[in-house]
Amino acid sequence: MAALEEEFTLSTVPLGAGPNGLLGVEQSDKTDQFLVTHGGRTVILYKVSDQKPLGSWSVKQGQIITCPAVCNFQTGEFIVVHDNKVLRIWNTEDVNLDKVFKATLSAEIYRIHSIQGTEPLVLFKEGAVRGLEALLAEPQQKIETVLSDDEVIKWTKVFMVFRHPVLIFITEKHGNHFAYIQTFSSRTLSKYTLFHGQEEKSVIQNFTASVDRKFISLMSLSSDGCVYETLIPIHPRDPDENQRVVRSLLLKTVVAGDARSGVALTVLDQDHVAVLGPPLPASKECLSIWNTKFQTLQTSRELPQGTSGQLWYFGENLFMLHGKFLTVIPYKCEVSSLAGALGKLKHSQDPGAHTVPHFVNWETSRGYGFGSQNSEQSKRILRRRKIEVNVPPPAFEQLLSTIKKDSEKDIEVELCKFLAVKRTPDFHTIVGDIVLELLGRHTTEPSFYPRNSLMQLIQTHVLSYSLCPGLMEAALEKTDVQMLQLCLQQFPDIPESITCACLKIFLSISDDSLQETEINMESVSDCSDPVQEKMDEQTEILQNGFNADEQNCDSCDRKLNQKPQDAAEETTSCPVVPKRAALLNAILHSAYSEMFLLPHLKDIPAQHVTLFLQYLYFLYLKCSENATMTLPGLHPPTLNQIMDWICLLLDANFTVVVMIPEAKRLLLSLYKFVKSQICICSELNKIEVSFRELQKLNQEKNNRELYSIEVLELF
Amino acid sequence: MGEFKVHRVRFFNYVPSGIRCVAYNNQSNRLAVSRTDGTVEIYNLSANYFQEKFFPGHESRATEALCWAKGQRLFSAGLNGEIIEYDLQALNIKYAVDAFGGPIWSMAVSPCGSQLLVGCEDGSVKLFQITPDKIQFERNFDRQKSRILSLSWHPSGTHIAAGSIDYISVFAVKSGSAVHKMLVDRQYMGVSKRKCIIWGVAFLSDGTVISVDSAGKVQFWDSATGTLVKNHLIANADVQSIAVSDQEDSFVVGTAEGTVFHFQLVSVTSNSSEKQWVRTKPFQHHTHDVRAVAHSPTALISGGTDTHLVIRPLMEKVEVKNYDAALRKITFPHRRLISCSKKRHLLLFQFAHHLELWRLGSTVATGKNGDTLPLSKDADHLLHLKTKGPENIICSCISPCGSWIAYSTTSRFFLYRLNYEHDNISLQRVSKMPAFLRSALQILFSEDSTKLFVASNQGSLHIIRLLEGSFKHLHTFQPHSGTVESMCLLAVSPDGNWLAASGTSAGVHVYNIKHLKLHCTVPAYNFPVTALAIAPNTNNLVIAHSDQQVFEYSIPDKQYTEWSRTIQKQGFHYLWLQRDTPITHISFHPKRPMHILLHDAYMFCIIDKSLPLPNDKTLLYNPLPPTNESDVIRRRTAHAFKISKIYKPLLFMDLLDERTLVAVERPLDDIIAQLPPPIKKKKFGT
């Protein structure tokens with residue numbers, strides 16, 4: 001349950017009121033220390049828990065700080081901009097800002113962003129973005145103009161997405177808003193028009209954003225007092241095109257509609273937002289925490305002395321101006337329970353009443369939750385359902401019609417739009433229908449294979465094999481191993497025949513073609529990491545495999561006869577390339593029923609059986625390297641899965657394996673290893689028995705006495 | 001709360017007898033259980049599975065069959081060839097009839113409840129007519145070659161099935177002649193065993209006969225054609241018992257491996273009318289042979305050589321998933337087998353055929369909670385008193401001063417005088433017991449050991465004054481006119497003025513001993529009393545019932561005390577009510593009038609009436625000492641029930657003096673160690 005703790009005032013010096021009073025609060029590289037930039041000339045470093053300043057720096061009279069000071073997390077230095085163009089970089093030892101490093105740039109800076117894990121990023125007023133290092137190397141470099149005339153940046157934020165920064169900024173031009181996403185991994189800038197939807201007349205007042213997998217969820221607080229959500233894909237399909245994104249209503253009337261100032265919004269976590277502003281037209285300004293999932297007001301705090309419409313959230317602390325002082329309100333959000341969110345506070349079940357559990361009726365319970373909190377707020381409950389229900393069908397219809405005739409690219413665009421809209425309860429069936437539609441077109445028109453769209457649909461995590469029969473068959477036909485891997489990971493109900501067909505393809509596909517595909521490698525950690533390094537070092541032998549040893553094993557069937565290797569040496573290296581290993585791991589993870597799988601396994605060619613066995617043997621050896629008998633990595637195959645597959649393979653292909661000379665050595669070493677393991681196990685068995693006896697003796701000692709006098713104290 | 005020295009006694013070498021038969025009565029929801037020593041116990045399943053009555057065993061009366069007949073009448077038959085009817089009111093044997101067919105192996109009551117069928121050693125099946133006060137032999141069926149081990153009536157009452165050795169016979173009741181003879185395969189997993197014993201048969205209304213046999217098979221026969229329909233091989237050992245539900249949609253079998261299998265009639269495919277018997281659930285609650293099973297509408301009941309009575313509720317039949325749906329395992333009798341002489345620190349243990357007298361040891365050391373103190377003197381076995389004759393001991397008692405021992409069997413009452421001279425004790429039987437003192441259900445000495453109270457099985461209560469070496473009959477309270485119900489529990493007030501007596505179902509009567517008249521009757525409560533005691537000074541009568549309620553009734557005021565009303569108003573803690581063994585003993589602290597000590601088999605509790613009562617939110621059982629909590633919290637969380645679960649299974653607990661307790665435990669492992677070895681099953685890796 002979200003809760004606001006006791007507030008405290010940070011600055012002892014009264015600040016100038018209004019947005020000019022305080023430019024910003026930023027994190028420093030030490031926890032609990034924050035840089036507060038006063039509008040005007042001062043930067044103060046505060047230690048929040050002690051509520052005292054650690055240092056204070058001012059620019060010369062006549063100069064004015066134009067952008068909040070930030071901390072460069074990589075060097076621990078502080079950076080501030082004064083007079084729009086002048087960068088100052090200093091650290092805590094420096095006393096006078098005039099004497100510190102200075103760089104004058106050729107264009108005006110809007111903001112400097114600094115977050116953990118990357119260098120600071122400088123956003124210019126014209127929309128260009130530069131890394132700090134590049135700027136400092138050549139301060140006077142020319143900065144291009146990205147934005148059109150009259151277009152001004154309203155808000156900006158930076159995220160880390162897969163270890164790369166992604167910068168978003170919102171601009172306004174003639175009442176229209178645009179979102180720009182600058183990604184640094186691919187150095188693309190994509191522009192989106194924020195489409196207002198039905199609420200044309202409202203003016204967006206404040207923004208906040210959070211990032212979730214592939215989308216930036218941009219929330220905006222409009223002048224009608226509602227919070228809207230817009231999902232913007234981080235990696236756009238077509239960066240050059242101006243795309244439109246639709247916003248959907250998230251929370252209704254969180255602040256009074258006519259509030260002109262002092263309104264702010266910030267995301268706290270996945271489900272919670274903090275809103276600053278007057279809840280009712282006449283009321284005092286208020287800080288309130290809303291749960292977006294259940295659309296409930298979690299808690300609120302009145303700020304009777306007014307605020308400035310600025311709100312920052314760092315590390316469990318909310319910073320805002322209250323009156324003329326910078327105020328900190330610590331915020332805690334414990335794991336919220338459904339009952340808590342509904343305001344149902346009865347925790348312990350009445351043990352006398354063992355009745356049939358009654359289910360919560362969502363339609364009615366939403367109201368109750370509010371009633372118990374604050375009856376006058378209940379009129380602000382939103383029923384988002386209405387909007388949800390009438391948005392998807394048109395998008396869906398449109399998408400279906402697009403699928404019927406348009407190009408793959410168009411479909412992707414439409415799909416993006418469709419997926420950006422909030423999910424409905426029957427989302428999985430709709431997605432299934434879309435896949436079936438795509439596959440239908442694929443069968444009639446074999447050249448049409450909308451791979452990207454399909455991948456995107458699979459990644460919605462709602463599909464299963466039975467929802468879209470034919471998808472895996474199509475992928476098999478196209479030997480699309482990436483898609484197959486994805487399906488194996490996502491679908492819970494793949495028939496054994498398909499699993500086996502996948503296995504066949506994974507074993508037979510050539511390394512060259514594997515090299516070109518993009519495969520999720522998270523299940524292969526131990527053998528992939530050194531491999532990656534080797535790839536970097538020895539690029540010249542990349543074409544044939546991934547290193548010399550691998551090459552040996554890859555074509556074991558030929559080489560083993562010529563050059564028998566030491567068994568130990570053979571097993572230390574992975575017999576397959578990491579990409580293939582990742583694919584095979586997907587097979588190992590998939591569910592199966594032995595009876596149905598065995599007949600299909602018989603169809604696998606002998607050399608592939610040997611290869612797979614080699615790989616399994618390798619995994620088995622790897623497993624037994626540590627005491628817990630597990631493989632490192634994110635989702636490694638378990639020992640049981642490995643053993644099961646070894647047994648399955650041997651069961652299915654026993655006669656074949658015995659006949660091939662290549663497999664003989666493998667079987668022999670496998671047998672030797674298993675035998676040694678059994679030895680260990682039997683030893684363990686003996687030890688266990690002794691321990692058990694010891695334990696028994698221990699217990700008997702305590703219990704066996706027929707008579708004793710003991711002391712008992714009752715409390 | 002207090003620190004006690006606890007004499008932790010584990011030398012009570014009690015082993016319950018194995019269960020031989022169980023019979024469930026649907027009308028009264030009672031279960032009759034017979035044990036290998038001939039004891040028959042009646043459990044009231046509606047009253048929290050309380051063992052409300054018992055009939056003492058007899059060496060020559062091995063019960064082989066037990067059944068209920070119309071009008072709640074209970075019959076048993078055994079290897080002595082007699083059919084016995086029990087008097088459930090007076091708690092004695094009504095009569096015994098010899099069937100003249102040698103040992104009786106099986107018995108079945110006709111569906112209408114008016115006829116009784118017994119299967120005898122000589123291969124005869126005898127039909128008896130049940131008359132209102134007796135049974136009368138009617139006729140013999142066609143004699144078979146070997147003993148009849150199992151019998152079952154067809155629900156219409158026209159045919160019966162009889163299991164013998166190697167074959168099953170189907171008789172027509174009217175003619176008494178065998179209609180079919182169905183031979184059972186002797187082969188057992190390809191090996192021909194010598195004989196195949198049909199341990200149980202069940203005749204279903206559609207004509208199917210289900211048989212269980214010594215080859216581990218459950219077989220379905222068509223009685224119309226005499227053919228085998230279906231065969232389930234379920235065990236490597238004997239399948240010894242079978243019981244079918246009244247709806248005939250499920251049945252239960254018990255095997256010699258200790259497994260109980262549940263069979264159900266289920267549809268072959270969903271929504272098809274064709275049904276077949278499917279083995280659905282195995283239960284392994286026993287370690288030894290499951291000699292008997294019963295099927296109540298909601299539960300499977302099983303018992304066997306390992307002496308546990310197991311009641312396993314069927315989850316699909318239970319409407320409310322509460323604590324009643326939990327498995328019950330009843331091992332110990334719900335009555336006291338131990339009495340204690342506080343003055344001399346003596347314990348008297350009651351066994352089926354002997355008594356043991358032990359003197360507790362002593363220590364001079366002191367210690368803190370949980371310490372085991374060094375013994376300065378170990379416990380002594382003073383006396384081993386064997387009964388004469390084949391009858392089991394019903395009850396026994398040692399006087400608080402330790403100089404009298406009394407016990408009773410079904411036909412004789414014994415009183416002994418003990419003399420202590422230094423370390424020697426001498427035993428002297430008090431002869432010439434009066435004729436009315438033949439059989440006692442409960443014996444009690446007054447606190448000063450001058451009076452003996454005897455509850456006889458005719459409902460009367462005798463008061464006897466004890467003198468040095470002799471006695472004098474003082475008075476007999478006759479039962480109320482019209483009732484013959486026996487009193488099972490007695491309690492006397494420490495000042496000797498009041499005597500409380502309780503029967504199996506009627507309320508508790510309080511007698512004034514000074515004036516020798518009935519003082520009052522405690523308002524009736526619909527659960528049986530499991531223990532009662534009268535507190536010193538206040539003369540409050542504390543009564544524990546089988547539904548775990550505890551009442552306190554002021555005898556002088558003839559009303560419930562304020563505390564009792566308060567706790568009834570607030571209700572007991574739910575965990576208190578969910579305990580599954582009854583309170584078998586209540587005692588009081590001589591110096592702390594607010595304390596009540598009581599115990600069941602798994603906990604002992606001191607109720608401090610001065611403290612607030614716990615509600616369902618408070619922690620009922622808190623074993624940890626409040627070490628680092630402040631006094632405030634301690635006072636806030638303290639409640640009236642101080643519970644200790646250290647000693648279990650706890651058969652007896654009493655206060656010897658202010659600071660000393662005696663606890664008699666009987667660890668289950670010790671009982672198991674004395675049972676015959678179970679069927680050896682090969683376990684992997686052994």
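Me: How many bridges join strand β25 of chain B to strand β26 of chain B, and do they run parallel or antiparallel?
Reply: In this predicted model, strand β25 (residues 250–255) of chain B and strand β26 (residues 260–267) of chain B run antiparallel, and five bridges join them. Within this pair, B:Val253 stands opposite B:Phe261 in β26(B).

Me: What about the hairpin of β25(B) and β26(B), how many residues lie between the strands?
Reply: The hairpin has four residues between the strands, and in that hairpin B:Gly258 takes a positive phi near 90°.

Me: And which way does β26(B) pair with β27 of chain B?
Reply: The pairing of β26(B) with strand β27 (residues 275–283) of chain B is in the antiparallel sense, and it runs over eight bridges. Here B:Val260 is the residue that stands opposite B:Phe283 in β27(B).

Me: What holds strands of a sheet together in general?
Reply: Strands of a sheet pair through backbone hydrogen bonds, and the pairing can be either parallel or antiparallel.

Me: OK, over to chain A. What's the order of the open sheet of four strands there?
Reply: The order is β7-β8-β9-β10 in chain A, and the pairing is antiparallel. Its edge strands are β7 (65–71) and β10 (101–104) of chain A, each of which pairs on one side only. On average, neighbouring strands of this sheet are turned by 15° against each other, with direction ignored.

Me: Which residue stands opposite A:Val81?
Reply: That is A:Leu87 in β9(A). The two strands concerned are β8 (residues 78–82) and β9 (residues 86–90) of chain A, which pair in the antiparallel sense over five bridges.

Me: What about the open sheet of three strands in chain A?
Reply: That sheet has the order β11-β12-β13 in chain A, again with antiparallel pairing, and its edge strands, each pairing on one side only, are β11 (109–113) and β13 (129–131) of chain A. Neighbouring strands of this sheet are turned by 20° against each other on average, direction ignored. Four bridges link β11(A) to strand β12 (residues 121–124) of chain A in the antiparallel sense, and A:Ile109 stands opposite A:Phe124 in β12(A).

Me: Switching to helices: at roughly what angle do the axes of α6 and α7 of chain A cross?
Reply: The axes of helix α6 (residues 408–420) and helix α7 (residues 427–444) of chain A cross at roughly 175°, and they come within 13 Å. Because angles over 145 degrees count as roughly antiparallel, α6(A) is roughly antiparallel to α7(A).

Me: Which residues make the contact?
Reply: From α6(A) they are A:Ile411, A:Leu415, A:Phe418 and A:Leu419, while α7(A) brings A:Phe427, A:Ile430, A:Ile434, A:Leu438 and A:Arg441. By class, the contact of α6(A) with α7(A) has eight nonpolar residues, no polar ones and one charged residue.

Terms used
Residues numbered from 1 in each chain as written. Chains lettered and ligands numbered in written order. Predicted model: local features only at pLDDT ≥ 70, side-chain atom pairs only at ≥ 80, totals over all residues. Heavy atoms only, no water. Pairing = 2+ DSSP bridges. Axes fitted to C-alpha atoms, helices over the stretch in contact; angles between N-to-C directions. Parallel < 35°, antiparallel > 145°, perpendicular 65-115°, else oblique. Contact = heavy atoms within 4.5 Å. Nonpolar A, V, L, I, M, F, W, Y, C, P; charged D, E, K, R; others polar.
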